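Thank you for asking for a second look at this model. My remarks follow as numbered points, beginning with a question about a single residue.

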Amino acid sequence: QVQVMESGGGLVQPGGSLRLSCVASGTMSSFYDIGWYRQAPGKQRELVASITRRSRTNYADSVRGRFTISRDNAKNTVYLQMNSLQPDDTAVYYCNAGQEADGNFYQTDFWGQGTQVTVSS
């Protein structure tokens with residue numbers, strides 16, 4: 001069993017930055033890759049970025065060049081550094097402990113509770 005917990009959301013002005021954290025715990029947590037998802041009101045949840053246990057990364061086109069995903073295995077923590085935030089980035093951000101294969105991220109049922117990111121002036 002794996003538990004994940006997100007933190008770091010908040011209100012930021014357009015052009016600003018935030019860093020989200022996802023802490024994974026549980027006996028099997030080190031065996032999972034991590035994906036960051038977001039869900040805006042009225043929209044489907046979408047994969048934003050993912051990182052494998054060996055730190056291979058993938059990004060959605062909408063965030064590439066603005067967001068950076070990284071991990072600290074010693075702390076069982078994955079970060080999502082978000083720069084140049086825009087109102088369209090407003091959403092609840094979730095992390096998922098899943099598996100990456102052939103460039104695709106396969107989510108599991110291991111979700112956190114989410115953290116709200118609001119980009120507004």
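Is Gly112 buried or exposed?

1. Gly112 is buried, since its relative accessible area is 13% and the cut-off for burial is under 20%. Please bear in mind, here and below, that this is a predicted model. The residue sits in the loop that links β10 (104–106) to β11, and, when residues up to four places away in sequence are not counted, Gly112 touches Val4, Glu6, Tyr94 and Cys95. Between the C-alpha atoms of Gly112 and Ser17, which are 95 residues apart along the chain, the separation is 22 Å.

2. On the overall architecture, the chain contains eleven strands and zero helices, so that reading along the sequence gives the pattern β-β-β-β-β-β-β-β-β-β-β. The chain is as compact as a globular protein of its length, because its radius of gyration is 13 Å, close to the 14 Å that the globule rule gives for 121 residues. Taken along the principal axes, the box filled by the C-alpha atoms is roughly 40 × 30 × 25 Å.

3. As for burial and surface, 44% of the 121 residues of the chain count as buried, while the accessible surface of the chain comes to about 6,500 Å², with 46% of that area belonging to carbon and sulfur atoms. Among contacts between residues at least 6 apart in sequence, 57% join residues at least 24 apart.

4. The largest nonpolar core has 29 residues, of which Trp36, Phe67, Leu80, Met82 and Tyr93 touch the most other members. Two or more residues of this core come from each of β3 (18–25), β4 (33–39), β5 (46–51), β7 (67–72), β8, β9 and β11 (115–119). Phe67 deserves a separate remark: leaving out residues up to four places away in sequence, Phe67 touches Arg38, Val48, Tyr59, Leu80, Gln81, Met82, Asn83, Leu85, Asp89 and Tyr93, and among these partners Leu80, Met82 and Tyr93 are also named with Phe67 as core members that touch the most others.

5. What does Asp89 contact, once its neighbours within four places in sequence are left aside? The partners are Arg38, Arg66, Phe67, Ser84, Val117 and Val119. Asp89 lies in the loop between β8 (77–82) and β9 (91–101), and yet Asp89 counts as buried, at 2% relative accessibility.

6. Two residues call for a look at their backbone angles. Most residues other than glycine have a negative phi. Asn76, however, has a positive phi, near 50°, and is placed in the loop between β7 and β8, where its relative accessible area of 33% makes it partly exposed. Ser84 likewise has a positive phi, of about 50°, although it is not a glycine; Ser84 belongs to the loop between β8 and β9 and counts as partly exposed at 36% relative accessibility.

7. Setting aside its neighbours within four places in sequence, Gln39 is in contact with Gln44, Arg45, Ala91, Val92 and Tyr94. From C-alpha to C-alpha, Gln39 and Phe67 are 16 Å apart in space, and in sequence they are 28 residues apart.

8. Finally, Asn58 has its place in strand β6 (residues 57–59) and counts as partly exposed, at 30% relative accessibility. Apart from neighbours within four places in sequence, its contacts are Val48, Ala49, Ser50, Glu100 and Gly103. The C-alpha atoms of Asn58 and Thr27 are separated by 26 Å, the two residues being 31 residues apart along the chain.

Methods:
Residues numbered from 1 in each chain as written. Predicted model: local features only at pLDDT ≥ 70, side-chain atom pairs only at ≥ 80, totals over all residues. Heavy atoms only, no water. Helix = DSSP H or I, 4+ residues; strand = E, 2+ residues; numbered from the N terminus. Rg over C-alpha atoms; globule rule 2.2 N^0.38 Å. Buried < 20%, exposed > 50% of the residue type's maximum accessible area, 1.4 Å probe, protein only. Contact = heavy atoms within 4.5 Å. Areas by Shrake-Rupley, 256 points an atom, 1.4 Å probe, with all protein chains shown as cover. Core = buried A, V, L, I, M, F, W, Y, C linked by side-chain atoms within 4.5 Å.
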